[in-house]
2 protein chains.
Amino acid sequence: MANDPEQAMTGAEALVSTLADHGVAACFANPGTSEMHLVTALDHEPRIHSVLCLFEGVATGAADGYARVSGGPAMTLLHLGAGYLNGGANIHNARRAWTPMVNVIGDHAVPHQRYDAPLASDIRGMAGPNSVWIKSADKAETAGELAAEAWEASLSPVPGPAALILPADTAWLEGGKSGKTRARPMLWGPDAARIDAAVKAVKAAAKPMILINGTALTEAGLAMAARLKAAGVRVMTDTFFPRQARGAGRFIPDRMQYFAEAAMADLEGCDLMLVAGSQVPVAFFAYPGKPSVLVPDGCTTMMLGGPESDSAAILGALADALGARDAAPAAPLDLPGAPAGDLNAVAVGQSIARHMPEGTFVSDDGVSNGLPAFLMTQRAKPHDWMMLTGGAIGQGMPLALGAAMAAKDRKVLCLTGDGAAMYTNQALWSMARESANVVTVVFVNHSYRILNIEMARTGAGNPGPTAKGMLELDRPEIDWVALSTSLGVPAVAVDTAEAFDTALQRAFAAEGPQLIAAHVPAR
Amino acid sequence: MANDPEQAMTGAEALVSTLADHGVAACFANPGTSEMHLVTALDHEPRIHSVLCLFEGVATGAADGYARVSGGPAMTLLHLGAGYLNGGANIHNARRAWTPMVNVIGDHAVPHQRYDAPLASDIRGMAGPNSVWIKSADKAETAGELAAEAWEASLSPVPGPAALILPADTAWLEGGKSGKTRARPMLWGPDAARIDAAVKAVKAAAKPMILINGTALTEAGLAMAARLKAAGVRVMTDTFFPRQARGAGRFIPDRMQYFAEAAMADLEGCDLMLVAGSQVPVAFFAYPGKPSVLVPDGCTTMMLGGPESDSAAILGALADALGARDAAPAAPLDLPGAPAGDLNAVAVGQSIARHMPEGTFVSDDGVSNGLPAFLMTQRAKPHDWMMLTGGAIGQGMPLALGAAMAAKDRKVLCLTGDGAAMYTNQALWSMARESANVVTVVFVNHSYRILNIEMARTGAGNPGPTAKGMLELDRPEIDWVALSTSLGVPAVAVDTAEAFDTALQRAFAAEGPQLIAAHVPAR
């Protein structure tokens, strides 16, 4: 194609068409002057749907959600180092979810870079730490090949965000060539020697368990996990995971507790911890006098495979080697009745379990209010749950936007705290623009409630007026209905369980984005 | 103090009290679990006023505005690497304004750092490029001294954002000691040899000019500039500058044009370019076939001092050495009449010139609509104009918030594009919370209008439907009145010059924040 003079390409065109050749079908973008030729190239590439985001943190969070649903990377378009920084927190989160992503970061034209223009910055330095791969395409001739390399690197050996820097002159000059098409890299399969060792260890252990993440949390992976459970191995997921198949027909694994002391109590007596598709568990934060590593004294850890591995296949191989023929029972369909009374997180969870359609993708950035909904939907209709893995709040609505773009025939349910939602409220506008089928539930408690809990747990003392002022969002109270409708998303506020139940049912029945401001008490 | 057993301090308390000892009086914060002890320490420090921001980009932009008005650094409180990233774009802008700032970035407890917990990241790697100084206080004993060092580094040798990383255990452990109090560093004064050389060069030049920024743009500096002008030296400011004294009684310098070709035409024939408080001028972006360095062929450049220098003093020394006794005239007070008809940027500028109270600080993130207001206020009442220096839009409202916190007896006028304002709309909430005297004018054209201009200038071709979709904000149209009021700021939308004039007069007369959605045509 590049050798055909009638098909002369710019570097930008080579980059875009090469990504499209690899199946990239979505670009979440906020362009600037240095990306104008990339924008034009996207104009000429019908295989990629471009979604404008009014803040780069929406773009990167959406690319994460898109990849979690579709399995392959989306492209983002970011405006130089400043655009990268704006998108950086959700790239951090994506790295912690092992999400493939190709971040295309515009830069000044190569001859202009030496002059330290106002928007110049050390993009490699800033973007490197949260990228699995980073290169700059400094010539039009290299843009296509580096795009293919970035795509491949985003998937292997450890999936994550790749960063491809595109100087403006590379974008505008002709001489672009398509990159060589790569086959999709496979995750690593089970290692026979490790499986053998694990079988021996399980047989010798009094209380063995396996900590799982990755493909082990797919429907197929959980079927393998159910066999391990029947063979006497406790199955536990990480506290936070990119995606888990749940609901009727799926095995219900345990989940690692969030607070370190609760996790350690739950793990008491465990003398073998196998790990598949994850890492040895550590506490989210350190607290004075509390453990960092969540492994009991005397417990042996055995890594069967990290995030580079196909943990579902590992579970299958282990179940086979253990001779585990039976499987622990899967969840029955069991929908609760209608909630009544004051609205709280439990009532919200009850309504969700009742009304959530089959196949829903849940984006959970609910912070202190997400857990009840998680627990109450274990026996709901089959669905997938996606979590905030990196701890940087403000992921929920962007992730939901991206998920909706990847699964247009499904519903997406976004659960978000009000503090979290404020970080990236611009996502609502893109949901409206794209008629994304997202039902957003904002837990409105006018508070960083989790910090009120953590203030006590860290032993930082009772908050005085200044501290209270940094934990409460009550002056002024945000009007979520007005905020949402101002950005084009119909919204309703509710403060009783009955009203929430009705609102949720209506929102799921509607087309396009909907928001429910669920007023729940802060304490 | 640290040796007094009754005054045992934590590391967090030592950090906070040391900054207060150095005159830091404001903290713009978004804390998380790892910063709980910092929050408690702020509770005990009455000299620092803490302002909660619902997104870190608001906090860092506000710290920039605070410093531009007060002259000294404010403190920010950011939650680990993710919080830094969220605040990063406005830190980039602050670096490009040479704004002193002390960014305190919480981190995991030192013993926890090796475990790569979900929120862990390479803070030094990410924050280093846009910091003039970066260190981690890994022991309680060092927190106070490093706070003093950070404060000093933010002011000297080149002012800018300093980054002090504070691990959670440093914050919570006792053993904190006050840092040694530093004297405020002085900017560099004029260099006699360079002044002599400049005098000779000016006398030999046919069309000499001086490019100024920094203290040369204060009222005192401009009085010196007026003497140079009378002595035959053209005086020109950078296109974008942190702050300029303007209006009646102040000399009006020329301003470097934004577009490279316009700048070069304006500079034609110039054979000597002196530089004081700035750098040799370069184009904001590169364009195919256009120059990067904005200096005509055959023009000699002479650096009299960069951003590390007191450019006002340099101008004074040069004027003395040139024997410049007279001064070019200052601007007279000349207020325009009321505008009429359709609303556009010129009518907005006319109203601003009419109604802006003496002493107003203007925060200009108006992108394609800011210039008319800038030009039309040259003969308005005395005021100060603050610009976006780093090109990362979304600075206007945060900067205005910070300016208002530093000058409670003044009015602040924020000019912002709608695209820019969406980046950091959370600033409105903090304005409401703090009853900040900010009048925000949002230029609503439902478009990234500057990019429509740039699309043509970069030769990227006529935008097709995909490209148009990335330049227009028209589906859905954002309701700025609803958005603003949802966050607690009273707002009104206007689309005629008469209505804007009335709304602006009322907004300046009101107490607390006000927003005007000024609907201006996109073309």
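This briefing covers how two protein chains are related and how parts of each are built.

The model is predicted: local features need pLDDT of at least 70, side-chain atom pairs count only at pLDDT 80 or more, and totals for chains, interfaces and linings use all residues. Residues are numbered from 1 along each chain as its sequence is written, chains are lettered from A and ligands numbered from 1 in the order in which they are written, and side-chain values use heavy atoms, with hydrogens and water left out.

**The two chains**

- Chain B superposes on chain A by a rotation of 180 degrees with 0.0 Å of shift along the axis, at an RMSD of 0.0 Å. That is how a two-fold axis relates copies.
- Met126(B) comes closest to the rotation axis of the residues of chain B, with its C-alpha at 2.1 Å.
- The copies meet through the same surface, because 100% of the interface residues of chain B are also interface residues in chain A.

**A sheet in chain A**

- In chain A, an open sheet of 7 strands has the order E11-E16-E15-E17-E18-E20-E19, with mixed pairing. Two strands pair if DSSP finds at least two bridges between them.
- E11 (244–246) and E19 (491–494) of chain A are the edge strands; each has a single partner strand, so one side of each has no neighbour in the sheet.
- From one strand to the next, the twist averages 20 degrees.
- E11(A) and E16(A) (residues 383–387) run antiparallel and are joined by 3 bridges. Gln244(A) has Trp385(A) as its bridge partner in E16(A).
- E19(A) pairs with E20(A) in the parallel sense over 4 bridges. There, Val494(A) stands opposite Ala518(A) in E20(A).
- Helix H21 (residues 497–509) of chain A carries the chain from E19(A) to E20(A) in a right-handed β-α-β crossover. Right-handed means that, with the strands pointing away from the viewer, the path from the first strand over the helix to the second runs clockwise.

- Buried means under 20% relative accessible area (1.4 Å probe, protein chains only), exposed means over 50%, and partly exposed is in between.
- Just after H18(A), Gly459(A) has a positive phi of about 70 degrees.
- In chain B, the buried residues of H9(B) include Gly221(B), Leu222(B) and Leu228(B). Gly232(B), with a positive phi near 100 degrees, follows H9(B).

**Two buried loop residues**

- Where is Thr33(A)? Thr33(A) lies in the loop between strand E2 (26–29) and helix H2 (36–43) of chain A.
- Thr33(A) counts as buried at 8% relative accessibility. Leaving aside neighbours within four places in sequence, its contacts (heavy atoms within 4.5 Å) include His79(A), Phe285(B) and Leu451(B).
- Glu45(B) sits in the loop between helix H2 (36–43) and strand E3 (49–52) of chain B. Glu45(B) is buried, with a relative accessible area of 7%.
- Beyond neighbours within four places in sequence, Glu45(B) is in contact with Val16(B), Ser17(B) and Ala20(B).

Methods:
Axes are lines fitted to C-alpha atoms, for helices over the stretch in contact, and angles run from 0 to 180 degrees between N-to-C directions. Copies are superposed by least squares on the C-alpha atoms of residues with pLDDT of at least 70 in both.
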